[in-house]
Every structure is written in structure tokens, then in C-alpha cells.
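This report goes through a structure in sections, from the overall make-up of a chain to individual contacts. The sequence and the model come first.

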Amino acid sequence: MKRWGLMVLAVVALGGLGWRWAPGPATPPFPADLGSVEVVAKLVEVPPGAVFQRELYHYATILRYEVVSCRRGGLMPGTLIHVAHYDPWKPRAEAGDARVGALGGTVRSFVAGDRHRLALVSPLDEHYMGGLVDKYFGQHAGVTYWALRTDAE
Amino acid sequence: MANRFTLLGLLGFACLAAAATPAEVATLATEVRSLGWVAYSARSPRGDWEIFAMRPDGSDVRNLTNSPETEDFYPLFSRDGRQLLYRSMPRGQTVSGNDYGRQGRLMLARANGTEAKALGGDGEWPWATWSPDGRQVLTLQPKGFAIVELATKQVIRTFPRGGFYQQPAWSPDGTAVVGVSNGFDTGWSIARLELATLRANAVSVADCCTPDWSASGDRVVFSRRRPHGGENGGYGWTELWQAQPDGQGATLVYAEVGRHLYGGHVSPDGRYVLFTGNLREDGDPANQGAPMGLLRMSDTPMIAEHAELRKVYPLAKSGPALILPAGHEPCWTHSPAPGLPR
């Protein structure tokens with residue numbers, strides 16, 4: 001009887017390990033030529049009211065990042081940039097739609113301090129025409145980027 | 001479910017508007033009955049969206065498009081009342097509260113809906129709004145504004161949109177455009193763009209939409225969400241406001257608790273205002289919609305009587321409001337509309 005019990009335990013344990021080791025859905029590799037700028041950057045903060053779930057409206061929110069390293073686009077480490085993320089309450093892999101086209105990434109939610117690998121384009125007006133939440137309004141000038149891909153780094 | 005909400009809305013609206021006597025409401029209906037026609041979009045008994053016309057008191061409703069194979073919406077009479085723009089897309093597609101101005105094809109018809117023809121393909125001529133003389137339209141797309149001559153379909157001017165992104169309306173004198181803009185404050189502002197200088201100014205900032213001009217061009221009417229403490233599931237309620245085009249003199253037009261007020265449209269003589277009342281924040285175009293309404297500008301600022309609202313607007317009036325058929329985006333013409341009775 002004890003032997004049967006041990007066997008059942010072993011099967012359960014192996015099954016559990018198998019479940020843990022089962023490969024998840026493959027993450028598409030980060031494209032080498034997506035957008036005009038590619039950076040690794042730290043999300044400085046998520047201002048109150050910048051990200052909210054609203055089923056009835058699509059919107060983009062502007063978040064502030066500090067550049068850590070730049071692979072394309074000539075941005076210097078330490079530079080503060082402002083990036084518009086579409087429907088920011090959704091995981092990035094689920095944010096794209098017919099309105100804005102393909103978006104993607106492995107980031108599921110925006111957490112202050114996280115590092116993201118970002119593929120970006122600008123100017124924003126040429127890539128996005130819709131509601132915008134800009135909690136930094138009046139505090140930044142110059143380029144606002146549109147995020148095409150946002151991976152956790 | 002949608003029907004139930006609509007019924008609740010109707011009952012709620014009837015109760016809220018009950019501060020005015022039936023005689024006052026009847027007087028208002030008589031006053032406006034012969035003042036031209038109102039075009040609007042609504043679901044037909046078949047379930048598809050059609051363009052309808054009604055007398056301003058809600059009587060004599062007639063289906064102008066009568067095309068069960070398409071969803072027809074967003075009607076705009078030219079200022080002389082002779083022509084009608086609207087958008088049309090295949091049956092079964094959902095009208096979007098965000099993007100209705102760029103869905104489907106832009107259609108041009110006589111005021112009574114006859115001789116309709118498409119002006120372009122799917123998504124083209126987005127957010128088209130009439131020039132004062134009815135010979136041009138102004139469109140809004142990601143690459144900017146464009147003014148297009150209707151007779152030749154030639155683009156005669158383009159200019160950057162500068163953050164404007166939906167619901168543009170060309171002023172009666174042709175010198176300016178109002179629309180919803182990202183260029184002022186944190187989001188959803190109403191702004192005016194002067195066409196000669198391309199200078200823009202805010203009319204009202206934050207949580208505003210569906211702007212339109214008074215016929216004289218000295219006021220802009222728009223929807224504005226009242227700052228709230230999280231009621232109505234965190235959405236609050238959207239009210240009808242007006243301001244001068246430079247943003248000065250902003251005042252309440254009409255507020256309710258229980259419906260969002262959108263699509264404000266001032267009558268051609270400036271004496272009345274039409275609006276859409278909706279239970280859902282986005283105007284609920286995916287469902288049945290809710291009754292439109294009409295009231296006198298001279299009765300504003302006005303509220304549908306409610307204790308909490310009275311605290312916010314202690315000096316607001318309580319006049320009569322007409323309850324009109326369910327519909328969206330009403331547009332009023334006083335001019336003789338070809339094919340429609342005088």
C-alpha cells in the first residue's frame with residue numbers, strides 16, 4: 001500500500017514538473033528594424049490617473065522614461081523621453097487593433113522602475129490620432145514617441 | 001438588455017424632466033414644430049442604422065436612407081439645407097463612439113436622402129464637415145486637415161492638425177474650426193483653430209467632446225464631464241456647456257443625473273439646442289441609443305431637477321425639455337430642404 005502511495009506521489013510530482021517545464025507561447029523575437037529608435041529605458045513613474053481601464057474608450061497615455069542604453073536613434077543614456085502607449089491597461093501583446101495597427105511586447109502592465117526595451121517612432125501625430133492622456137502636459141517639449149513594441153528587459 | 005436600459009432611460013428622463021408642466025412641454029413642441037427638419041441617425045425596426053428626418057418636435061419621422069444592407073450614420077445638412085452628408089458601411093459593422101467620423105464611406109445626397117453617391121472609399125474623407133457655402137468639405141486625418149472641393153474632388157489646401165483628432169466643425173463664417181484636441185491640458189479638450197493663421201486656442205479643457213458652433217458663430221456648444229467623485233462607476237456624468245470661441249464665458253447649458261449629454265446642436269436661429277441623451281459614456285452606438293432632447297436656450301442654464309445637481313447648480317433653471325425619438329448626432333436645418341415639405 002505504501003508502495004502505491006509513493007508511486008502516486010511520484011507521478012503527481014513528475015506531472016507537476018512537466019507542467020512547470022512545458023514551453024509557454026513563444027515570444028516573437030524583438031525585430032531589429034522596428035521603428036526609428038530602439039532603447040532600453042527605465043519607467044520613471046506611473047502618474048496617478050495615467051493608466052485606467054475604460055472599456056468604452058480607446059486612449060493612449062504618455063509615460064516618462066530615462067534612457068539606459070540606445071541601440072538605434074542616437075539618444076544618450078540619462079535622457080528623459082516621453083512615450084505614448086496605446087490602451088495602457090492592456091498587456092502590450094493584446095493592445096494593437098485595427099485602429100492603430102500592430103503593437104506588441106512582453107510587458108503586461110506598467111510598473112514604475114521597470115526597465116523596458118522599446119521600439120519607437122515619431123512624430124506622434126503621424127502614427128496616432130485619438131484620445132491622449134498626458135499627465136505631463138506643459139512639462140515637456142519636443143518629441144513624443146509612439147511605442148510599437150515594449151518588452152520587459 | 002439594451003432595450004431595458006433604453007426603457008429605464010426613458011422613464012428616468014421623463015421623471016427628471018417632470019419639473020416642467022405638460023402644458024409647458026406642449027407649448028415648446030408647438031413652438032418648434034414647423035421650424036424645418038432635424039436629421040439624425042437611429043436604428044430602424046429592422047435593426048440597421050438609417051438616417052431619419054423629423055420635425056423638431058419629434059413628429060413626422062421619415063427614413064431618408066432606407067437601405068437595409070448598410071449601416072448609415074452621422075448626418076450633416078449643408079448650411080443651405082440642400083445637401084446631406086453621412087457615412088455608410090456594410091450591415092453588421094458596429095458604429096464606434098470614438099471613430100464614427102472615419103468609418104465606412106462618406107455619402108453625399110440631396111437633403112431628402114435621394115441621389116446618394118459615395119464620395120470615396122472606405123475610411124476616406126474622414127470627419128468631413130461642410131464649408132459655409134456647401135461647396136467644400138474639411139476632412140481630418142493623421143497627416144493633417146484637408147479642404148476638398150466637392151465638384152472636382154480636388155484637395156485645395158492642407159495643413160497640420162496640431163493635435164486635433166476628432167469631431168471637427170467648420171465655423172459658419174468659414175474662418176475657423178473647432179474640434180477635439182490633444183494640444184491642451186491632459187486630454188479631450190475642445191479647441192478652435194483659426195484657418196488664416198493656424199493659431200489654436202482652448203475653448204474648454206479636459207474631458208470634453210462633440211463641439212458645434214452656434215449659427216452666428218459667437219458660441220461653441222460642447223459636452224463636458226463634470227468633475228466627480230467616482231459616481232456612475234467612475235465615469236461621472238457628461239453635461240452640455242457653451243463658451244465663446246476664445247474660451248471665455250463658459251456656462252452650463254443643461255445637465256442631468258442619469259444620462260450623458262452629447263451631440264449638442266444649436267438651431268439655425270440660435271433659440272434652441274438639440275442633444276443626445278445616453279446612458280453609457282460612449283453614446284452607446286452599438287446598441288439602441290436613447291432619446292434625444294430639445295430645449296430653449298433662453299431657459300438655460302438648466303438642470304433636470306435632482307437634489308445633488310441642484311447643490312452644484314443652485315441658480316440653474318428648470319424649464320421644459322422635449323423628449324424626442326432615440327437617435328444620435330442630430331442636425332437641424334431651417335432652410336427649404338429639397339424633397340422635404342416646407
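Two strands count as paired if DSSP finds at least two bridges between them. The model described here is predicted. By that rule, strand E2 of chain B pairs with strand E3 (residues 62-63) of chain B, since two bridges join these antiparallel strands.

## Chain B overall

The secondary structure of chain B consists of three helices and 25 strands. Chain B has 342 residues, and 58% of them are buried. The accessible surface of chain B is about 13000 Å², with carbon and sulfur atoms holding 53% of that area.

Contacts across the sequence were also counted. Of the contacts in chain B between residues at least 6 apart in sequence, 48% join residues at least 24 apart.

Strand E2 of chain B covers residues 49-54, and six of its six residues are buried. In a regular strand, side chains alternate between the two faces of the sheet. On one side of E2(B) are Trp49(B), Ile51(B) and Ala53(B), and on the other are Glu50(B), Phe52(B) and Met54(B). Both faces are covered, as the residues on each side are all buried.

Strand E1 (residues 37-43) of chain B pairs with E2(B) in the antiparallel sense through six bridges. Within this pairing, Ser41(B) stands opposite Ile51(B). E1(B) and E2(B) form a hairpin with five residues between them. In the turn, Gly47(B) has a positive phi of about 105 degrees. Towards E3(B), Phe52(B) has Asn63(B) as its bridge partner.

## Pro68 in the following loop

Pro68(B) lies in the loop between E3 and E4 of chain B. With a relative accessible area of 33%, Pro68(B) is partly exposed.

Which residues does Pro68(B) contact, leaving aside its neighbours within four places in sequence? They are Arg46(B), Asp48(B), Glu50(B) and Arg91(B). Of these, Asp48(B) is 20 residues from Pro68(B) in sequence, with a C-alpha to C-alpha distance of 6.2 Å.

## A four-stranded sheet

Chain B also has an open sheet of four strands in the order E8-E9-E10-E11, with antiparallel pairing. Strand E8 (129-130) and strand E11 (155-159) of chain B stand at the edges; each has a single partner strand, so one side of each is left without a neighbour in the sheet.

The partner of E8(B) described here is strand E9 (residues 136-141) of chain B, and two bridges join these antiparallel strands. In this pairing, Trp130(B) stands opposite Val137(B) of E9(B).

## Aromatic pairs

Over all chains, the structure holds twelve aromatic pairs. In the pair of Tyr74(B) and Tyr100(B), the ring centres are 5.0 Å apart and the planes are at 85 degrees, so the pair is edge-to-face.

Tyr254(B) is in strand E19 (residues 251-255) of chain B and Phe275(B) in strand E21 (residues 272-278) of chain B, 21 residues apart. Tyr254(B) is buried at 1% relative accessible area, and Phe275(B) is buried at 0%. In chain A, ring pairs link Tyr86(A), Tyr128(A) and Trp146(A) into a cluster.

## Charges over rings

In chain A, the charged end of Arg117(A) sits over the ring of Phe30(A), 4.1 Å from the ring centre. In chain B, the charged end of Arg224(B) sits over the ring of Trp241(B), at 4.5 Å from the centre.

## The contact between the chains

The size of an interface is often given as the accessible area lost when the parts come together. Chain B and chain A bury about 2000 Å² between them, with 52% of this area on carbon and sulfur atoms. Asn98(B), Thr186(B) and Trp188(B) supply 29% of the area that chain B buries against chain A, more than any other three residues. The contact takes 26 residues from chain B and 18 residues from chain A.

Note on methods. Residues are numbered from 1 along each chain as its sequence is written. Chains are lettered from A and ligands numbered from 1 in the order in which they are written. This is a predicted model: local features need pLDDT of at least 70, side-chain atom pairs count only at pLDDT 80 or more; totals for chains, interfaces and linings use all residues. Side-chain values use heavy atoms; hydrogens and water are left out. Rings of Phe, Tyr and Trp (its six-membered ring) pair if their centres lie within 6.5 Å; planes under 30 degrees apart count as stacked, over 60 as edge-to-face and the rest as tilted. Buried means under 20% relative accessible area, exposed over 50%, partly exposed in between (1.4 Å probe, protein chains only). A charge sits over a ring if NZ of Lys or CZ of Arg is within 6 Å of the ring centre and within 35 degrees of the ring normal. Contact means heavy atoms within 4.5 Å. Accessible areas come from the Shrake-Rupley method with a 1.4 Å probe; for residues, only the protein chains shown count as cover. Buried area is the accessible area (1.4 Å probe) that two parts lose on being put together, summed over both.
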